Structure formats: structure tokens, C-alpha cells
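Here are my notes on the model. Please read them with the structure open.

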Amino acid sequence: TRQTGAKKFRVMPGFKLTLGYTLLYLSLIVLIPLAAVFWKTSELTWPEFWHTVTMPQALASYRLTFGASFFAALVNAVFGLIVAWVLVRYEFFGKKIVDSLVDLPFALPTAVAGITLAILYSQNGWIGQLLEPFGITVANSQLGVFVALTFIGLPFIVRTVQPVLEDLDPELEEAAASLGANRWQIFWRVIFPMISPALLTGFALAFARALGEYGSVIFIAGKFKITPMLIMDELDEFNYAKATALAVVMLVVSFVLLLTINVLQWWTNRYNTHNLA
């Protein structure tokens with residue numbers, strides 16, 4: 001910055017200009033498309049809207065979509081934390097390869113992921129044939145939906161928690177150990193409170209990503225339909241208003257759930273900051 005008279009000039013544009021660009025960009029990318037969804041849905045009368053969003057196929061798809069997404073994000077929160085911990089705390093042969101494999105769901109097209117999972121978990125697949133003697137069917141089942149959503153959500157947990165673990169001060173752990181705390185107590189009372197906001201953020205990202213997933217699920221789900229698949233069926237039949245009605249339900253419920261998670265994350269971060277202070 002440089003001072004000229006009473007005014008301060010900055011290299012970057014000021015608040016008003018950058019705010020204007022921000023609102024314009026968000027309007028074009030987010031707000032206008034969302035408004036179009038609500039506008040298209042308004043073509044339905046209230047009884048038609050209610051019938052569309054509460055028909056048995058829709059209710060079944062809600063249960064499968066939100067249930068599988070939640071449990072997939074929950075499983076990823078546990079195992080993603082373990083993966084991030086191993087990558088940060090240990091040195092081993094092939095570490096960079098493992099670290100790169102974590103990002104594979106980001107780079108791999110979802111349709112390719114779906115086909116690969118369907119082949120691996122089919123009755124004749126490498127993994128499916130091992131599970132079949134135990135009566136476990138993954139392909140063409142609700143379990144297959146869960147597996148696909150778990151696959152695409154893992155990187156969000158690992159990449160959110162990993163930098164926080166790297167920035168932790170080892171002196172805090174050493175101080176706790178010198179006071180007589182064991183490893184389990186150090187993790188729960190020192191480490192976990194500091195990484196919990198990042199873990200909640202990763203959970204929210206994985207959950208949100210799973211709610212909108214389509215490509216990796218369609219090949220392994222079989223007759224079981226998640227809500228995005230049901231929306232695509234309505235679009236294929238040119239029922240645009242019904243498709244947007246289902247999208248509105250997904251949008252509203254997803255927003256409420258993500259808002260709840262973000263509030264919980266804010267409260268956890270504030271609680272941890274207060275305790276550390």
C-alpha cells in the first residue's frame with residue numbers, strides 16, 4: 001500500500017469492487033440456477049407437488065440417498081482419519097504412492113468408477129466371489145450404493161484432516177506425556193479436540209458429495225434408485241417440473257443438514273478455543 005493525502009491505495013481492488021465481482025459470480029454460478037429450479041417447480045400446483053415428492057418411489061429414494069450418504073461419510077470419517085494419521089505420522093516404503101491413490105476418486109471419472117466397482121463386486125468379480133459364500137451381495141444392492149458413496153467420499157476426509165495433523169505442535173503431546181497421560185488420553189484430550197473441526201468439515205464435504213453422486217452409483221445400484229437417479233428418470237420422460245420438485249426437496253434438506261453440521265463445527269471450534277485459552 002502507499003499513502004496519498006488522506007486516502008490509502010492498495011494493489012488489489014477495494015472491498016466494493018471485489019464484493020461486486022463475488023456477488024456476480026455467485027449469482028451466475030449458484031443463485032440463478034437455484035432460482036430456476038424453484039421457478040420451474042412453481043409450475044406444479046401444491047397437490048401435484050406434494051404427490052410428486054411423497055410418492056413411494058421418491059420416499060424410498062430419500063431413505064436410500066440420505067441414509068447411504070450419511071453412513072458412507074461416517075465410515076470415511078473413521079477410516080479417513082486413520083489414513084491421514086498414517087500418512088502424516090509414519091514413514092514407509094511406497095508412501096507417496098499411497099498418498100497419490102487417495103486422490104484417485106477425484107481424478108477418476110465417476111462412470112469409470114461405477115463400472116469398475118460393479119465388476120469387482122459382481123458375483124464373478126475378484127471381491128464379489130469372495131463375499132458370495134458368506135451370503136453378502138454388493139452389486140445390484142443397497143450395499144453397493146453404500147460402497148460407491150464411500151469410495152468417492154474418502155479423499156474429502158483425508159485431505160481436510162491431513163494438513164491439520166501436520167501443523168500440530170508435538171510439544172503439546174510431549175507435555176501431556178510428561179504429565180502421565182497415556183497414548184489414548186493424549187489422542188482424545190489433546191489431539192482430537194484440535195482436529196475435530198477439520199474432521200467435521202471433511203464429513204460435511206463427503207456427505208454433500210455423496211448426496212449428489214450419480215455416475216458411480218448407477219452401474220452398481222441395479223434396481224435400487226437414489227434420488228439423483230429418480231430425477232434423471234423424470235428428465236428422460238420430459239417431466240421437468242417433477243424432476244425439479246424432487247431436486248427442491250434434496251436442496252432444502254441438504255441445506256438444513258449442512259447448516260446443522262456447520263453450526264456444530266463452529267460450536268466445536270469455539271469450545272476448543274475457549275478450553276485452550
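1. Helices (H or I, at least four residues) and strands (E, at least two) are DSSP runs, numbered from the N terminus. On that basis Val98 sits in helix α4, residues 95–102. The protein has 13 helices and two strands.

2. Some ground rules. The model is predicted: local features need pLDDT of at least 70, side-chain atom pairs count only at pLDDT 80 or more, and totals for chains, interfaces and linings use all residues. Residues are numbered from 1 along each chain as its sequence is written, and side-chain values use heavy atoms, with hydrogens and water left out.

3. Back to Val98. Its relative accessible area is 33%, so Val98 is partly exposed. The classes are buried under 20% relative accessible area, exposed over 50%, and partly exposed in between, with a 1.4 Å probe and protein chains only. Val98 touches Leu87 and Phe92, leaving aside residues up to four places away in sequence. A contact here means heavy atoms within 4.5 Å. Phe38 is 60 residues from Val98 along the chain, and their C-alpha atoms are 43 Å apart.

4. Overall dimensions. The C-alpha trace spans about 70 × 60 × 30 Å along its principal axes. Of the 277 residues, 35% are buried. Take the contacts between residues at least 6 apart in sequence: 75% of them join residues at least 24 apart.

5. Surface. Areas come from the Shrake-Rupley method with a 1.4 Å probe; for residues, only the protein chains shown count as cover.

6. Look at the nonpolar surface patch. Its members include Leu17, Tyr21, Leu24, Ile29 and Leu31, and the patch has about 1100 Å² of accessible area together. Leu31 belongs to helix α1, residues 15–41. Patch residues have over 30% relative accessible area and no salt bridge; like charges are joined within 9 Å, nonpolar side chains (Val, Leu, Ile, Met, Phe, Trp, Tyr) within 5 Å. A salt bridge puts a side-chain nitrogen of Lys or Arg within 4 Å of a carboxyl oxygen of Asp or Glu.

7. Phe238 is in the loop between α12 (227–236) and α13 (240–276). With 61% relative accessibility, Phe238 counts as exposed.
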